[in-house]
Amino acid sequence: RPFILGGVHILHELGPVSHSDGDCLYHAITESLLGALALGDLGHHFPDDDLNYKDIDSSVLVKKAVELIKQKGYKVKNVDSSIVLERPKLKNFIPMMQENIARLLEIDINQVSVKAGTNEQIGELGKGLAVEASSIVLLVKGE
């Protein structure tokens, strides 16, 4: 399966195991958007037993979460995300990820932080068998 992070297709011999397209960065961002207003989690809004979400582009999930926070009268102020994986190196892909995220969240690219690191060859992440992403978002009440 294709390896996609932050909406960027990255040439890699391994792809994710998931119900959607497996973009774990977009999933982490969606979770942080939903969690910031205690709106539940990905599984609540986009259950993995619902065929409507089978192989779905994860950007759709981000957009739906943005709409939910807008309905509550909030908007995104900024987002800070981290990715942990041994390979491939992501340095050259991060600017494209930031552009994609800024567009989806309807904010300026300067309000989007994406960092990448390794797990120093420890555990499943360190063996190159997994990728992990986390995200935190700051929301502001309408403006």
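1. In this predicted model, S32 is in contact with S135, I136 and V137, neighbours within four places in sequence being left aside. The residue itself is placed in helix α1, which spans residues 24-36.

2. The relative accessibility of S32 is 10%, and the residue therefore counts as buried, the cut-off being under 20%. Its side chain reaches the backbone oxygen of I29 at a distance of 2.8 Å.

3. Turning to charged pairs, the structure contains 3 salt bridges. One of them joins E67 to K70, with the closest N and O atoms 3.5 Å apart. Both residues belong to helix α3 (residues 58-71), where a separation of 3 residues amounts to about one turn of the helix. E67 is partly exposed at a relative accessible area of 38%, and K70 is likewise partly exposed at 37%.

4. K70 also forms a salt bridge with E106, for which the closest N and O atoms are 2.8 Å apart. This pair links distant parts of the chain: K70 is in helix α3, whereas E106 lies in the loop between α4 (94-105) and β4 (112-117), 36 residues away.

5. A further salt bridge pairs K115 with D80, the closest N and O atoms lying 2.3 Å apart. K115 is in strand β4 and D80 in strand β3 (residues 74-84), so the pair ties together parts separated by 35 residues in sequence. Both partners are partly exposed, K115 at 36% relative accessibility and D80 at 30%.

6. Through shared partners, salt bridges connect E67, K70 and E106 into one network.

Terms used: Residues are numbered from 1 along each chain as its sequence is written. This is a predicted model: local features need pLDDT of at least 70, side-chain atom pairs count only at pLDDT 80 or more; totals for chains, interfaces and linings use all residues. Side-chain values use heavy atoms; hydrogens and water are left out. Helices (H or I, at least four residues) and strands (E, at least two) are DSSP runs, numbered from the N terminus. Buried means under 20% relative accessible area, exposed over 50%, partly exposed in between (1.4 Å probe, protein chains only). A polar contact is a pair of N or O atoms within 3.5 Å; within protein, one must be able to donate a hydrogen and the other to accept it, and residues adjacent in sequence count only if both atoms are side-chain atoms. Contact means heavy atoms within 4.5 Å. A salt bridge is a side-chain nitrogen of Lys or Arg within 4 Å of a carboxyl oxygen of Asp or Glu.
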